[in-house]
Amino acid sequence: MAHFEVRISGEGLAEINGEPLVPAPGQSVHEAVLDRLQQYAEQRAAAVAATVNDGPGESHFVLEVSPDGSSRVLDPTDPAHRAPEPQPLPTPAPGPAPAPTTVPAPASAPAPTLVPAPAPVPAPAPTSAIALAVARARAAATAPPAPAPAPPPPPPSRSLPAELAEQITRINALATTGRLEEASAEATALRERLTSSAGTEHPDALEARAMEAYLAHLRGDHREATVLALSVARILCGAGDPQAPAAVARAAAAWQRLEDDRAAEIHGNELLHMWGRLHSSGRLSAADEQLAHRVRTQMEDLSAYV
């Protein structure tokens, strides 16, 4: 695994392997470091490791960054995760110089004296945005249970046209047999056709969009699932539909699985905004209020690092 040395100064300057790194406009130095490490991983099609020294307190940790941008903290005491160190050359034993006409016989060089390595000192807790992965890894043992899977959209409260019902039945059959890519492609095509012919806010188009969001969730594409589910919830909230709180809850279930912190912050704020509107109109149940409170707490924790 390729290994890099990262140093971040208290003045917001950074360098990787001694090369200065200049953040893009509007980008923090920590985001710039993570982006550059991801580029190195993409170039190698493999994860890279970086020893990060983050001033001014010199927080020190080892971070692994994958080509997809995900990261995790490595155990610095594990020899497999240490950067390779230059090995000292043994010093030959002193002796008389050979005579000019004499070819010296080969001799084994004395083994170098090994000095025990100092015991590893625990690194101080990281305090910068780049160390978000560190904080998450350390909190994993005490984290609450993983979020429950997003519930499927409720069955339509009205009778569907025969053609639409037949297409939805076929999509469900594909999903049930594990053919999620085919099911998703058909759901997307159905949603696009219904949106084009009936409009984005038509109940049939919303039905197809909710199904598309759920299939994205089943495929593990939580970013797409969140975006689609939020669009359904946004329309239902604006229309005052009784199903709006349930739609926001489904969007929150997808949101809780996002790994992109910037996306989580943006979409989390939209969730809280919709819950605020529903709360003002007295349309939230006690369970909805508890879910909104949990998301608000997660957003507060997230803002401490982003």
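Tutor: One term comes up throughout: buried means under 20% relative accessible area, exposed over 50%, and partly exposed in between, using a 1.4 Å probe and protein chains only. By that rule, alanine 45 counts as exposed, at 66% relative accessibility. The model is predicted, so local features need pLDDT of at least 70 and side-chain atom pairs count only at pLDDT 80 or more, while totals for chains, interfaces and linings use all residues. Residues are numbered from 1 along each chain as its sequence is written, and side-chain values use heavy atoms, with hydrogens and water left out.

Student: Where is alanine 45 found?
Tutor: Alanine 45 is in the loop between helix 1 and strand 4 (48-54). Helices (H or I, at least four residues) and strands (E, at least two) are DSSP runs, numbered from the N terminus. Alanine 45 has a positive phi of about 55° although it is not a glycine.

Student: Back up a bit. How many helices and strands does the chain have?
Tutor: The chain has nine helices and six strands. Of its 306 residues, 33% are buried.

Student: What about contacts in the chain, how much is between residues 24 or more positions apart?
Tutor: Contact means heavy atoms within 4.5 Å. Among the contacts in the chain with a separation of 6 or more, 58% are between residues 24 or more positions apart.

Student: Now helix 1. What is its span?
Tutor: Helix 1 (residues 29-44) has 16 residues and reaches 23 Å from its first C-alpha to its last, close to the 22 Å expected at 1.5 Å a residue. The expected span is 1.5 Å times one less than the number of residues. The buried residues of helix 1 include Val33, Leu37 and Tyr40.

Student: Which residues touch the most other members of the largest nonpolar core?
Tutor: They are Val248, Trp255, Leu271, Trp275 and Val295, in a core of 30 residues. Helices 5 (203-219), 6 (222-239), 7 (244-255), 8 (261-280) and 9 (286-303) each supply at least two residues of this core. Helix 6 gives the most, with eight residues. A nonpolar core here is a set of buried Ala, Val, Leu, Ile, Met, Phe, Trp, Tyr and Cys residues joined through side-chain atoms within 4.5 Å.

Student: And what does valine 248 touch?
Tutor: Leaving out residues up to four places away in sequence, valine 248 touches Ala233, Cys237, Leu271, Met274, Trp275 and Leu278. A second, separate core has 18 residues, including Leu21, Val33, Tyr40 and Ala50.

Student: Is helix 7 largely enclosed or largely open?
Tutor: Helix 7 is largely enclosed by the rest of the structure, because ten of its twelve residues are buried. Among them are Val248, Arg250 and Trp255. The cover over the buried residues of helix 7 includes helix 6, helix 8 and helix 9.

Student: At what angle do helix 6 and helix 8 pack?
Tutor: Helix 6 and helix 8 pack at about 20°, with their axes 11 Å apart. That makes helix 6 roughly parallel to helix 8. Axes are lines fitted to C-alpha atoms, for helices over the stretch in contact, and angles run from 0 to 180 degrees between N-to-C directions. Under 35 degrees counts as roughly parallel, over 145 as roughly antiparallel, 65 to 115 as roughly perpendicular and the rest as oblique.

Student: What about helix 3 and helix 5?
Tutor: Helix 3 (residues 162-176) and helix 5 pack at about 5°, with their axes 12 Å apart, and are therefore roughly parallel to each other. The contact includes Leu164 and Ile168 of helix 3 and Met211 and Leu215 of helix 5.

Student: Last one. Is alanine 225 buried or exposed?
Tutor: Alanine 225 is buried, with a relative accessible area of 1%, and is in helix 6. Not counting residues up to four places away in sequence, alanine 225 touches Ala213, Ala216, His217 and Ala254. Alanine 225 and alanine 251 are 26 residues apart in sequence and 7.7 Å apart in space, C-alpha to C-alpha.
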